[in-house]
Amino acid sequence: MSAWLPTAPCTPQLCAPRSGATRRGTVAASARLLAGLGAVVAGILLVPVVALFSAGRRDRLTSGWTRTVIRIFGLRIQVEGAPLAAPFTVPLDAPLTASPDAPGSGVLVVANHISWLDIPLIATLFPGRVLAKSDIRRWPVLGLVAELGGTLFVDRDRLRALPDTVRDVRDALRAGSRVIVFPEGSTWCGRDQGRFTAAMFQAALDAGAAVRPVRIGYRPLGPAAFVGDDPLAASLWRIVVARGLTAEIEVLPLIPAGRHPDRRSLARAAQSAVTHPDLARTAPAHTTVASDSANRPASSVHQRANSIPAPASSERTPS
């Protein structure tokens, strides 16, 4: 493991307790698990076909698929924040609504990172191109699916390769794509948060692209948290067993390109917005070009971007 990779001081024992949620019966939970896995596989198999559609249709299909998967697993979604007028809960049969970002130039969507659930949640509102670790490209079947889905890759073990990744993200943003990044670089328990690394914010500055901060939370937190050496199978079972699990997504105001002089300042502003959403909502409005129709849908897993050495702990995420 490279020393510059981010790590989190979170463990399943501390962050994923059994208490805090009403439990479903074993039969009902097993049925949800099998149905959810079936929906995931069906979506993966259809990626090559969906890739042939127009960008707008790909976005709608991607959003509909991820939302369906989330609901089958028993998770409800509550969304609030700019430019949405009021909080709402997304039922399974509700009509799809437009993304909060209108067509135009690319946008960098950045969010805190708690669980593997964050990826389909973000894709439901902001279908786009996810930044993922390069190992995914070598996976059987899934590697090809990730490439067809427009995934951007970062080699987390080679710091020298990072400038190439920044250029790839910049080019995608310039082409009008929405790019989804988790700048903490690792999942955190939700009770604590990692530092937003700055590299991908340079891509936004170079492309003249706005940054869309998004805050993710879960109620109750324990069943959704995916940290440390937590096996994916154990995480899946906690989620389908938990009754009433709700994802809370807060869409925060766009940070226009050029408001900040450098990537570190922009990264701090985005992290501050996610950490203190009340302050972000009351900040003075700025006129900006909103974003984007993603060129290709996200069907991948997430990134592990650059960072500084952190305290020893787990850094694995379900990628």
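The tour starts with ground rules and confidence, then moves through strands, cores and helices.

This is a predicted model, so to speak of local features we need pLDDT of at least 70, and side-chain atom pairs count only at pLDDT 80 or more, while totals for chains, interfaces and linings use all residues. Numbering runs from 1 along each chain as its sequence is written, and side-chain values use heavy atoms, with hydrogens and water left out.

**Colour by confidence.** pLDDT is the predictor's confidence in each residue, from 0 to 100. The protein chain has a mean pLDDT of 75, with 68% of its residues at 70 or more. Where pLDDT is low, the predicted coordinates should not be read in detail.

**Select 107–111.** This is strand S4, and five of its five residues are buried, so the strand is largely enclosed by the rest of the structure. Buried here means under 20% relative accessible area, exposed means over 50%, and partly exposed is in between (1.4 Å probe, protein chains only). Which way do the side chains of S4 point? Val107, Val109 and Ala111 go one way, and Leu108 and Val110 go the other. In a regular strand the side chains alternate between the two faces of the sheet.

Strands pair if DSSP finds at least two bridges between them. Centre on Val109: it stands opposite Ile180 in S7, and its bridge partner in S8 is Arg212.

**Show the cores.** A nonpolar core is a set of buried Ala, Val, Leu, Ile, Met, Phe, Trp, Tyr and Cys residues joined through side-chain atoms within 4.5 Å. Of the 41 residues in the largest one, Phe73, Leu75, Leu117, Leu121, Ile122, Val214 and Tyr218 touch the most other members. The elements that each supply at least two residues of this core include helix H2 (26–50), helix H3 (55–72), S4 and S8. Apart from it lies another core of 30 residues, among them Val154, Phe196, Leu252 and Ile255.

**Zoom in on Ile122.** Contact means heavy atoms within 4.5 Å. Not counting residues up to four places away in sequence, Ile122 touches Val109, Ala111, Pro127, Ile180, Phe182, Val214 and Ile216. Step over to Pro127, in the loop between H4 and strand S5 (129–133); Pro127 is buried, with a relative accessible area of 5%. Pro127 and Arg178 are 51 residues apart in sequence, yet 7.4 Å apart C-alpha to C-alpha.

**Check Pro220.** You'll find Pro220 in the loop between S8 and H8. The peptide bond from Arg219 to Pro220 is cis, with omega near -10°.

**Finish on H8 and H9.** In H8, the buried residues are Ser235, Leu236, Arg238, Ile239, Val240 and Val241, and their cover includes strand S1 (22–23), H2 and strand S9 (242–243). Now select 263–275, helix H9: its buried residues include Leu266, Ala270 and Val274. At the start of H9, a side-chain oxygen of Asp262 reaches to within 3.1 Å of the backbone nitrogen of Arg264.

Conventions. Helices (H or I, at least four residues) and strands (E, at least two) are DSSP runs, numbered from the N terminus. A polar contact is a pair of N or O atoms within 3.5 Å; within protein, one must be able to donate a hydrogen and the other to accept it, and residues adjacent in sequence count only if both atoms are side-chain atoms.
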